[in-house]
Amino acid sequence: MKISFSLTILALSSFVLADACDRIKLYWKKGYRWQKSSKEKKWCMSTSGSKVEIKKCSSSSRQKFKFISGNRIQSCRDKKKCFEMKGSSVKLEKCDSSKKQEFRKKGSSSKFKLEPKSRSGCLTQRHHPKSGEKVYAEKCRTAEKDDTVYWKKD
């Protein structure tokens, strides 16, 4: 009896954690220099209409997302919208089952790359971040040079 009660609690806590809305923040570590500064600026993915861009992290619902079905990124502000590749840019579009809405998350929740399944590359904003820059797919090696290839759930 005790064992099944403990298992029920464990399963419930895993479900709640999997359903959480988080910010997707650019990974930062000591030693990085962005815009000639060694201070962390805390840049997060944010939406504006259908655009996915970089903004200073805030508590805005425009910066809350969750990973669904293992490989899609859904807006928590509008649960009918998901990240989708449009050319090399990431846009917020109606969720569907297209490959353009599938992303590989490589790494842990504290440091990962996001790779679109519909094209090669990694999600980045290309160089040292500034507010309003678009998120898009770039060659992973190029993004690694500017320390903007890794993200973390926040």
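Ring pairs tie Tyr27, Trp28, Tyr32, Trp34 and Tyr150 together into a cluster. Keep in mind that this is a predicted model. In total, eight aromatic pairs turn up here, along with 11 salt bridges. Below is a quick tour, topic by topic.

**Aromatic rings**

- A pair of rings gets described by how far apart the centres are and by the angle between the planes.
- Take Trp28 and Trp34, two members of the cluster: their ring centres lie 4.9 Å apart with the planes at 70°, so this pair is edge-to-face.
- Trp28 and Trp34 are both buried.
- Phe65 and Phe83 make another edge-to-face pair, with 5.0 Å from centre to centre and 70° between the planes.
- Phe65 belongs to strand β4 (residues 65–68) and Phe83 to strand β6, so this pair ties together parts that sit 18 residues apart in sequence.
- Are Phe65 and Phe83 buried or exposed? Phe65 has a relative accessible area of 2%, which is under the 20% cut-off, so Phe65 is buried. Phe83 comes out at 0% and counts as buried too.

**A lysine over two rings**

- Lys105 has its charged end over the ring of Phe67, 4.8 Å from the ring centre.
- Lys105 also lies over the face of Phe112, and here the distance to the ring centre is 5.0 Å.

- Strand β6 covers residues 81–86 and strand β7 covers residues 89–94; the two pair in the antiparallel sense, over six bridges.
- To pick out one spot in that pairing, look at Glu84: its bridge partner in β7 is Lys91.
- Together β6 and β7 form a hairpin, and two residues sit between the strands.
- Gly87 is in the turn, and its phi is positive, at about 65°.

**Salt bridges**

- Glu53 and Lys55 form a salt bridge, with 3.8 Å between the closest N and O atoms.
- Glu53 counts as buried at 4% relative accessibility, while Lys55 is partly exposed, with a relative accessible area of 29%.
- Arg72 and Glu102 form another one, and here the closest N and O atoms are 3.7 Å apart.
- Which parts does the Arg72 and Glu102 pair tie together? Arg72 lies in strand β5 (residues 72–75) and Glu102 in the loop between β7 and β8 (103–108), so the pair links parts that are 30 residues apart in sequence.
- Arg72 and Glu102 are both buried.
- Lys106 pairs with Glu115 in a salt bridge whose closest N and O atoms are 3.3 Å apart.
- In that pair, Lys106 counts as partly exposed at 45% relative accessibility, whereas Glu115, at 12%, counts as buried.
- There's a network as well: salt bridges with shared partners join Lys51, Glu53 and Lys55.

**A buried glutamate with no salt bridge**

- Glu133 sits in the loop between β10 (122–124) and β11 (136–138).
- Although Glu133 is buried, it has no salt bridge.
- Lys130 still comes into the picture through its backbone: the side chain of Glu133 reaches the backbone nitrogen of Lys130 at 3.0 Å.

- Most residues other than glycine have a negative phi.
- Gln35 isn't a glycine, yet its phi is positive, at about 50°.
- Where is Gln35 found? It lies in the loop between β1 (24–26) and β2 (43–48).
- Gln35 is partly exposed, with a relative accessible area of 37%.
- Asp147 also has a positive phi, near 60°, without being a glycine.
- Asp147 lies in the loop between α2 (140–145) and β12 (151–153).
- At 26% relative accessibility, Asp147 counts as partly exposed.

Technical notes: Residues are numbered from 1 along each chain as its sequence is written. This is a predicted model: local features need pLDDT of at least 70, side-chain atom pairs count only at pLDDT 80 or more; totals for chains, interfaces and linings use all residues. Side-chain values use heavy atoms; hydrogens and water are left out. Two strands pair if DSSP finds at least two bridges between them. Helices (H or I, at least four residues) and strands (E, at least two) are DSSP runs, numbered from the N terminus. Rings of Phe, Tyr and Trp (its six-membered ring) pair if their centres lie within 6.5 Å; planes under 30 degrees apart count as stacked, over 60 as edge-to-face and the rest as tilted. Buried means under 20% relative accessible area, exposed over 50%, partly exposed in between (1.4 Å probe, protein chains only). A charge sits over a ring if NZ of Lys or CZ of Arg is within 6 Å of the ring centre and within 35 degrees of the ring normal. A salt bridge is a side-chain nitrogen of Lys or Arg within 4 Å of a carboxyl oxygen of Asp or Glu. Lys and Arg count as positive and Asp and Glu as negative; His and the chain ends are not counted. A polar contact is a pair of N or O atoms within 3.5 Å; within protein, one must be able to donate a hydrogen and the other to accept it, and residues adjacent in sequence count only if both atoms are side-chain atoms.
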